[in-house]
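Let's take a walk through a protein model together. Have the sequence and the 3D view ready, and follow along.

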Amino acid sequence: MTFCLPIAYYKEWKQEQERQLKDEYEELLLVTANGIAKGSWKETLLLAIPSFFDLVATVLMNIGLLSVTASVYQMMRGAEMLFAALFAVLFLKRHLNRMHFMGIGCCVAGICMVGLSSVLSGEGSATHKVSTQEMLLGMGLIVLSQAVQAAQLTFEDFFMADLAMDPMKIVGFEGLFGSLFMMTLLLPLAYFLPGPEGLGLHENTLDTLAMIRSSKGLQVVLGVDMFALLAYNMSGMMVTDHLGAVFRTVLETMRTLFVWLLGLLLFYTPLGMGQLGESWSAWSYLQAA
């Protein structure tokens with residue numbers, strides 16, 4: 001995400017050059033309707049708010065993922081649409097029509113069906129056994145994370161629609177602030193927490209760095225993942241800029257189908273090496289619905 005910053009500042013430089021050529025040069029610090037100067041420290045520090053929400057949501061989602069399958073995890077993330085619509089009405093004063101409410105109702109029904117199918121099938125994590133209580137806790141954390149993620153999208157929508165911030169600058173500073181939060185807060189906290197490594201709370205950061213340094217495969221995977229996240233965040237921010245946060249959450253639910261199909265493919269083919277993916281159970285029809 002931080003790699004978006006050079007793109008954002010390059011765009012600003014190009015726009016400034018165009019204004020100069022047209023003899024329409026304006027001051028660099030332009031005050032918006034809300035009294036915040038463009039390019040000021042106040043504008044930059046405001047971007048730490050969605051960065052913090054993104055970090056908290058990611059932590060909650062990953063802890064919840066330990067107790068559910070990947071497809072259930074993705075389907076439960078559909079709750080983001082409900083919270084995004086609620087926040088858009090309460091804080092951004094947007095208006096929803098009858099079709100919006102019908103879509104939200106379908107979203108809530110789908111989340112309930114997915115949660116019920118997961119509990120009834122008893123299929124939790126693909127790597128270790130999970131009790132029903134742990135499964136419910138994991139799903140609850142995922143839903144809670146979507147409320148936090150919806151708050152992040154609401155702030156991003158406000159920054160672009162009301163403060164006229166560039167989408168690339170928002171993505172770039174979110175990556176920068178997120179990295180600072182990780183290095184100064186979460187990684188030291190996870191490193192010094194007691195308990196066995198790999199259970200979602202404790203992480204040996206030095207050991208992780210040693211593994212990345214000695215494994216070409218890990219370096220390739222991380223490089224591809226960074227590029228994919230860059231493309232995902234850039235395109236997602238542009239969708240939010242042009243169509244709004246609610247439409248983005250609706251669009252993001254489409255990836256659920258592909259995650260579920262990939263899970264089935266990994267389980268029933270040698271690609272999963274007998275350890276990855278999830279099976280088709282008697283309750284999978286609820287997920288399909």
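Helices here are DSSP runs of H or I with at least four residues, numbered from the N terminus, and the expected span of a helix is 1.5 Å times one less than its number of residues. This is a predicted model, where local features need pLDDT of at least 70 and side-chain atom pairs count only at pLDDT 80 or more, while totals for chains, interfaces and linings use all residues. Residues are numbered from 1 along each chain as its sequence is written, and side-chain values use heavy atoms, leaving out hydrogens and water.

Start with helix 8, residues 167-192. Its 26 residues reach 36 Å from first C-alpha to last, close to the expected 38 Å. Helix 8 also has a kink of about 45°, centred on Met182; a bend is the angle between axes fitted to the seven residues ending at a residue and the seven starting there. Among the buried residues of helix 8 are Ile170, Phe173 and Phe177, buried being under 20% relative accessible area, exposed over 50% and partly exposed in between (1.4 Å probe, protein chains only).

Now look inside. A nonpolar core is a set of buried Ala, Val, Leu, Ile, Met, Phe, Trp, Tyr and Cys residues joined through side-chain atoms within 4.5 Å. In the largest one, with 23 residues, Val68, Met76, Phe83 and Met139 touch the most other members. Helices 3, 4, 5, 6 and 7 each supply at least two residues of this core, and helix 7 gives the most, eight. A second, separate core of 12 residues includes Ala48, Met160, Ile170 and Phe173.

What about Leu243, buried or exposed? Leu243, found in helix 10 (residues 216-243), counts as exposed because its relative accessibility is 54%.
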